[in-house]
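Have your viewer open and a selection tool ready. We will go from stop to stop, and at each one you will hear what to select and what is there.

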Amino acid sequence: MDRTSILGDTIDYMKELLERIRQLQEEIEEQQQQETPGVLSVFRELNPNEMLARNTPKFDVERKEGGDTRVEIYCAAKPGLLLSTVSTLETLGLDIQQCVVSCFNDFGMHASCSEMQRERMSADMIKQELFKNAGYGGGCL
């Protein structure tokens, strides 16, 4: 193929793509006009307590025999929270063995820790320290 025919084919293909985009935009507009009442009804059906539960911080610490500790944290994200949480766990004498972190909407962390050679702290004490670290002053829920 010569350059002229390649350019002609490219122009035809671009025209096809532009027409397809226009058709899809029209379909989206039609669907939005039909579904608008449905979207509003979803918000009316939401339970305020359910929305509150999603935004409520959760700190769970489970101590197992042999010095293993499982930590779960769900709370509002803030800059530096992961680093300060890891530092807090290390300060408490917990060595992170495995950790999964999610910062998509809020901050979520699941960690499996082993205890370094120190006195054993209770799960509640660890939970309180993590709670304070995340910026929730006072007692843990």
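**Before you click**

This is a predicted model, in which local features need pLDDT of at least 70, side-chain atom pairs count only at pLDDT 80 or more, and totals for chains, interfaces and linings use all residues. Residues are numbered from 1 along each chain as its sequence is written, and side-chain values use heavy atoms, with hydrogens and water left out.

**Stop 1: the whole chain**

Show the cartoon and you will find four helices and four strands. Helices (H or I, at least four residues) and strands (E, at least two) are DSSP runs, numbered from the N terminus. Trace the chain along its sequence and the pattern reads α-α-β-β-α-β-β-α. Of the 141 residues, 22% count as buried. Here buried means under 20% relative accessible area, exposed over 50%, and partly exposed in between (1.4 Å probe, protein chains only).

**Stop 2: a nonpolar patch**

Select Tyr13, Met14 and Leu17, which make a nonpolar surface patch of about 290 Å². Patches are made of residues with over 30% relative accessible area and no salt bridge; like charges are joined within 9 Å, nonpolar side chains (Val, Leu, Ile, Met, Phe, Trp, Tyr) within 5 Å. The accessible areas come from the Shrake-Rupley method with a 1.4 Å probe, and for residues only the protein chains shown count as cover. Tyr13 lies in helix α1 (residues 3–45) and is partly exposed, with a relative accessible area of 48%.

**Stop 3**

Now select Arg22 and Glu19. They form a salt bridge, with the closest N and O atoms 2.2 Å apart. The term means a side-chain nitrogen of Lys or Arg within 4 Å of a carboxyl oxygen of Asp or Glu, and by this rule the count comes to eight salt bridges. Arg22 and Glu19 are three residues apart in helix α1, so about one helical turn separates them. Both residues are partly exposed: Arg22 has a relative accessible area of 37%, and Glu19 has 33%.

**Stop 4: a salt-bridge network**

Select Lys58, Asp60, Glu62, Arg70 and Glu72, which salt bridges link in a network. Center the view on Arg70. Glu62 pairs with Arg70, the closest N and O atoms being 2.7 Å apart, and Arg70 also forms a salt bridge with Glu72, at 2.4 Å. Is each glutamate buried or partly exposed? Glu62 is partly exposed at 34%, whereas Glu72 is buried at 14%.

**Stop 5: helices α3 and α4**

Select residues 81–91 (helix α3) and 123–133 (helix α4), whose axes come within 10 Å and cross at roughly 150°. That makes α3 roughly antiparallel to α4, a label for angles over 145 degrees. The axes are lines fitted to C-alpha atoms, for helices over the stretch in contact, and angles run from 0 to 180 degrees between N-to-C directions. The crossing is right-handed, meaning that the near helix is turned clockwise from the far one by less than a right angle.

**Stop 6: two residues of α3**

Stay on helix α3 and pick Thr85, which counts as buried at 2% relative accessibility. Its C-alpha is 9.5 Å from that of Met109, 24 residues away in sequence. Then pick Glu90, also in α3 and partly exposed at 46%.

Technical notes. Parallel < 35°, antiparallel > 145°, perpendicular 65-115°, else oblique.
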